[in-house]
Amino acid sequence: MANESDDGNYKRVPLSRARLLEGAMAIADAEGIDALTMRSLAREVGVKPMSLYHHIANKDDILDAIVDIVFNEIALPVDNTDWRTAIRDRTNSTRAVLRQHPWAISMMQSRLNPGPATLRHHDWVIGTFRGAGFSWVMTAHAFSLIDAYVYGFALQEKTMPFDTPEDISDFAETLIGQFPTDTYPYLAALTIKHVLKPGYDYGKEFTYGLKVILDALELLTATRK
């Protein structure tokens, strides 16, 4: 890999751990995590596979590091934000980051050697709930519930056969034309009366569901004080 210098000549970019991780992210984002191998990474950065081991220990080392990079991209609001706003903003940011790196959905909680950004993220979430008066038990419940929701929704978005409201409309129209509406009346009615209405956006379901969860947590916490 080479970059053009100010004088118009090309110079080779030195191999480094940061450069390798950048290449690993590029492969995973473009082709999925299964496409990331030592050989594909070496090809991405323009070196022989054995050269990689001067900067990384093995593939697990790479996976741990790029998952930590993803956690580092999640925005954590400032300390003076109220807990609902802080958790809502962090969860919305998590969903947005996972849309950029869908390969990470199944890996965010699976690594055995979490990096500093991962640990900082988890500590922030726990601290936000504790600062709002959540007990240790309720903090654990809230953390698990919200992450199950955001990762599950992100997985749904990743696997659904549409990306935009226009895609949803086209898909819904095609779907409803493939089955007898009198046999599946409720499915047909929901599609016609809700999904096919102008302005429908599946992403709004995430906002609604998150509000329900936050409302429930707030109520449970208030009743247990």
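## Basis of the values

In this predicted model, local features need pLDDT of at least 70 and side-chain atom pairs count only at pLDDT 80 or more, while totals for chains, interfaces and linings use all residues. Residues are numbered from 1 along each chain as its sequence is written, and side-chain values use heavy atoms, with hydrogens and water left out.

## Aromatic pairs

A pair of aromatic rings is described by the distance of the centres and the angle of the planes. Rings of Phe, Tyr and Trp (its six-membered ring) pair if their centres lie within 6.5 Å; planes under 30 degrees apart count as stacked, over 60 as edge-to-face and the rest as tilted. The whole structure holds eight aromatic pairs. One of them is tilted: Trp 83 and Phe 129 are 6.1 Å apart centre to centre, with 50° between the planes. Trp 83 belongs to helix 4 (residues 83-100) and Phe 129 to helix 5 (residues 116-131), so this pair ties together parts 46 residues apart in sequence. Helices (H or I, at least four residues) and strands (E, at least two) are DSSP runs, numbered from the N terminus. Trp 83 counts as buried at 14% relative accessibility, and Phe 129 is buried at 0%. Here buried means under 20% relative accessible area, exposed over 50%, and partly exposed in between (1.4 Å probe, protein chains only).

Phe 153 and Tyr 202 make a stacked pair, 5.1 Å centre to centre and 10° between the planes. Phe 153 lies in helix 6 (residues 136-159), and Tyr 202 in the loop between helix 8 (185-195) and helix 9 (203-223), so the pair ties together parts 49 residues apart in sequence. Phe 153 is buried at 5% relative accessibility, as is Tyr 202 at 14%. Ring pairs link Tyr 149, Phe 153, Tyr 202 and Phe 206 into a cluster.

Which residues of helix 8 are buried, and on which side? Ala 188, Thr 191 and Val 195 are buried. They cover an arc of only 100° around the axis, which puts them on the same side of helix 8; the arc is that of the directions from the helix axis to the C-beta atoms. An α-helix has 3.6 residues a turn, so residues three or four places apart point the same way. Tyr 186 and Lys 193 are exposed on the other side of helix 8.

## Two buried threonines

Thr 191 has 7% relative accessibility. Not counting residues up to four places away in sequence, Thr 191 touches Ala 172, Ile 176 and Leu 196; contact means heavy atoms within 4.5 Å.

Thr 94 sits in helix 4 and is buried at 0% relative accessibility. Beyond residues up to four places away in sequence, Thr 94 touches Ile 74, Val 150 and Tyr 151.

## The nonpolar core

A nonpolar core is a set of buried Ala, Val, Leu, Ile, Met, Phe, Trp, Tyr and Cys residues joined through side-chain atoms within 4.5 Å. The largest one has 57 residues, of which Leu 36, Leu 41, Ile 62, Ile 66, Trp 103 and Met 108 touch the most other members. Helix 6 gives the most to this core, with nine residues.

Leaving aside neighbours within four places in sequence, Ile 62 is in contact with Leu 21, Ala 24, Leu 36, Met 38, Leu 41 and Ile 56.
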